[in-house]
Amino acid sequence: LVRPEDVCHAALLDASRAHAWLFVWECFERALSSQSDTSAASDTLRTMQSLLVVDTVRRERALFLELSAIPVGRESSAALEDAHLRLCLALSRAAIHAVDAFDWPDWALKSAMGCADGDIYKRMVHSVRTTRGSLDRAPYWDEYVRPLLDPHLVASL
């Protein structure tokens with residue numbers, strides 16, 4: 001049973017999320033507009049701002065569709081995905097520098113590759129050992145991989 005006040009609360013939560021995203025974007029815009037810098041760093045920050053918008057719309061697509069903020073259809077969805085990929089590619093060269101600039105701690109990044117001490121192997125082995133199912137055989141193992149390991153088959157090649 002859905003109570004009317006619950007529906008109202010859900011709508012208010014959706015509206016507050018949208019306002020929070022707008023606030024973050026406006027803070028980003030205000031900070032960038034106050035800078036007179038026209039360097040590559042400024043271009044990178046503008047691209048990051050665009051990615052923030054596109055990524056938010058992608059993650060919250062259902063809400064934006066419900067609010068008629070984005071058009072319904074395969075073309076608009078494809079355009080959104082294309083924009084996301086294009087912005088990610090544009091930022092790929094600056095990604096390491098951007099992450100370093102934010103000075104996020106290793107535990108927040110949750111990345112074996114990006115740890116400050118550079119010891120990626122120990123972390124990767126630990127990650128494989130502690131991730132459930134990571135050591136299980138893939139469903140295609142018997143059909144595709146096992147025949148390649150058969151010594152009689154290898155000898156006949």
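Among contacts in the chain between residues at least 6 apart in sequence, what percentage join residues at least 24 apart? After that, please take me through the largest nonpolar core.

Analyst: That share is 44%, where contact means heavy atoms within 4.5 Å. Bear in mind that this is a predicted model, where local features need pLDDT of at least 70 and side-chain atom pairs count only at pLDDT 80 or more, while totals for chains, interfaces and linings use all residues. Residues are numbered from 1 along each chain as its sequence is written, and side-chain values use heavy atoms, leaving out hydrogens and water.

As for the setting, the chain has nine helices and zero strands; these are DSSP runs numbered from the N terminus (helices H or I, at least four residues; strands E, at least two). Of its 157 residues, 15% count as buried, meaning under 20% relative accessible area, with exposed over 50% and partly exposed in between (1.4 Å probe, protein chains only).

Now the core. A nonpolar core is a set of buried Ala, Val, Leu, Ile, Met, Phe, Trp, Tyr and Cys residues joined through side-chain atoms within 4.5 Å. The largest one here has 12 residues, including Trp 21, Met 48, Leu 63, Phe 64, Leu 80 and Ala 98. Helix 2 (40–59), helix 3 (61–66) and helix 4 (74–92) each give two or more residues to this core.

Take Leu 80: leaving aside residues up to four places away in sequence, Leu 80 touches Val 54, Val 57, Arg 58 and Arg 61. His 84 sits in helix 4 and counts as buried because its relative accessible area is 14%.
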